[in-house]
Amino acid sequence: MRKVIETFSAQETYTLGKEIGQQAEPGQIYTLTGDLGAGKTVFTQGVAAGLGIREPVNSPTFTIVQIYEEGRIPFYHFDVYRIGDVEEMEEIGYEDYFYGGGVCLIEWADLIWELLPEHYTRITIEKDPSKGFDYRRIIIGGTGD
Ligand code: ADP
Ligand code: MG
């Protein structure tokens, strides 16, 4: 199933993320793709809020995964941008997160595509300068479903 949502402010993107967080079920994996400044962090903050996480959520710059356990279900926020080799994922025991009953959100997931399970939800955030500075097209498309 593929859905396209247009947002016209950071707040709208946050709210969309929040709705997804509210509906998320244990075991769900989301990948999040988009250029720098697209709104990945804004979206992720919404997801975290929707899961009931109150502590601040930012990009996990120096760690591959940031773990939040205060919400309705655990939230595992990955940023694999700086990964050198998929072996680094093995080292952190990624399978405990992917298959551990929490919700995973993975930024730059293309870099670890061979580790992704069959079923996950791909989210892409695109800008379109012709539609204005604050316009974003958010494509939510499942794989294997
Ligand atoms: P990324 O994590 O993808 O690099 P950020 O979420 O950190 O991007 O930043 C997105 C920036 O774009 C923020 O400054 C935000 O206020 C701004 N922005 C403007 N319009 C939107 C929109 N529709 N959705 C998300 N962010 C937006
Ligand atoms: Mg970011």
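An oxygen atom of ligand 1 sits 3.3 Å from a polar backbone atom of A38. Another such pair: an oxygen atom of ligand 1 is 3.0 Å from a polar backbone atom of V42. A nitrogen atom of ligand 1 lies 3.1 Å from a polar backbone atom of S9. A polar contact here is a pair of N or O atoms within 3.5 Å; within protein, one must be able to donate a hydrogen and the other to accept it, and residues adjacent in sequence count only if both atoms are side-chain atoms.

On its own, ligand 1 has 570 Å² of accessible area, and the protein covers 74% of that. Areas are Shrake-Rupley with a 1.4 Å probe; for residues, only the protein chains shown count as cover.

Before I go on: this is a predicted model, where local features need pLDDT of at least 70, side-chain atom pairs count only at pLDDT 80 or more, and totals for chains, interfaces and linings use all residues. Residues are numbered from 1 along each chain as its sequence is written, chains are lettered from A and ligands numbered from 1 in the order written, and side-chain values use heavy atoms, with hydrogens and water left out.

Now the shell. How many residues surround ligand 1? There are 14, and the closest are T13, G37, K40, T41 and D134. The cut-off is a heavy atom within 4 Å. By type, the shell has 4 nonpolar, 6 polar and 4 charged residues. Nonpolar is Ala, Val, Leu, Ile, Met, Phe, Trp, Tyr, Cys and Pro; charged is Asp, Glu, Lys and Arg; the others, Gly among them, are polar. The largest share, 3 residues, comes from α2. Helices (H or I, at least four residues) and strands (E, at least two) are DSSP runs, numbered from the N terminus.

Next, α1. Buried or exposed: which is T13? T13 is buried, as are L16, G17, I20 and G21 in α1. These residues cover an arc of only 140° around the axis, so they lie on the same side of α1. The arc uses directions from the helix axis to the C-beta atoms. On the other side, Q11 and Q23 are exposed. Buried is under 20% relative accessible area, exposed over 50%, partly exposed in between (1.4 Å probe, protein chains only).

Last, two residues. W108 has a phi near 60°, positive in a residue other than glycine. W108 sits in the loop between β5 and β6. F75 is in strand β4, and is buried at 0% relative accessibility.
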